[in-house]
Amino acid sequence: AIRVQDSLIVDYVDIWYAAGIVGGANSRSIVVTPSASASMAGWAWEFSGVATTSALDGSGSSSTSSLSPGSVTPSVANELWISGALNSTNALTAPTGWTDGGNLNPVGIVQADGGYFIQSGSGAINPTWQGTANEPCSAMASFKPVVVVPSYFTRRPPSFVPLNRAA
């Protein structure tokens, strides 16, 4: 999991993940039980094509400084990026080009949003959440794609060699 704390308003942005989960009919439940004094907001997404082991590749975060979790360079191409942000008072929207999970207002004046991006390529990612920063906090994580092992064996058509038999 990735966790960053906004020390000014004492809130957290977490990114939790589970690798190797089979989707569809074999569903899994997510149960989160906060302490009595906590409030929560969250998004749950399921993705295919993510590595089933050692999926987490990189992460970035900012605490009370920016709506950008910072620049992260993936180790391989075509990674899945997930980011979350919170802000005091002002609503947020996902960085340009990202799929927006939707702004939530879990309690009082705190605004939260989550989003994801499927990268084509391998360059550094440095997203900025949209909105007017007011005690912001953001986190980001990247996940490696499944590695497809090419087959180096090819099947040749059978070859027939006539036999010369003396009659």
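Q: How many helices and strands does the chain have, and what makes a run of residues count as one?
A: The chain has zero helices and eight strands, where helices (H or I, at least four residues) and strands (E, at least two) are DSSP runs numbered from the N terminus. Read along the sequence, the pattern is accordingly β-β-β-β-β-β-β-β. This is a predicted model, in which local features need pLDDT of at least 70 and side-chain atom pairs count only at pLDDT 80 or more, while totals for chains, interfaces and linings use all residues. Residues are numbered from 1 along each chain as its sequence is written, and side-chain values use heavy atoms, with hydrogens and water left out.

Q: Why is strand E8 described as largely enclosed by the rest of the structure?
A: Seven of the seven residues of E8 (residues 137-143) are buried, so the strand is largely enclosed; buried means under 20% relative accessible area, exposed means over 50%, and partly exposed lies in between (1.4 Å probe, protein chains only). Both faces are covered, with Cys137, Ala139, Ala141 and Phe143 buried on one side and Ser138, Met140 and Ser142 buried on the other. For the chain, buried residues make up 28% of the 167 residues.

Q: What makes E4 and E8 a pair of strands?
A: Two strands pair if DSSP finds at least two bridges between them, and strand E4 (residues 80-88) and E8 are joined over seven bridges in the antiparallel sense. Within E8, Ala139 is the bridge partner of Gly84.

Q: Why is the aromatic pair of Tyr17 and Phe143 called edge-to-face?
A: Rings of Phe, Tyr and Trp (its six-membered ring) pair if their centres lie within 6.5 Å, and planes under 30 degrees apart count as stacked, over 60 as edge-to-face and the rest as tilted. A search of the whole structure finds five aromatic pairs. Tyr17 and Phe143 lie 5.0 Å centre to centre with 65° between the planes, which is edge-to-face. Tyr17 is in the loop between strand E2 (11-15) and strand E3 (56-63), and Phe143 is in E8, 126 residues apart.

Q: Is Tyr17 buried or partly exposed, and what about Phe143?
A: Tyr17 has 38% relative accessibility and therefore counts as partly exposed, whereas Phe143, at 4%, counts as buried.

Q: What makes the pair of Trp98 and Phe117 stacked?
A: The two rings are 5.6 Å apart centre to centre, with 25° between the planes, and this angle falls under the stacked limit. Trp98 counts as buried at 11% relative accessibility, while Phe117 is partly exposed at 22%.
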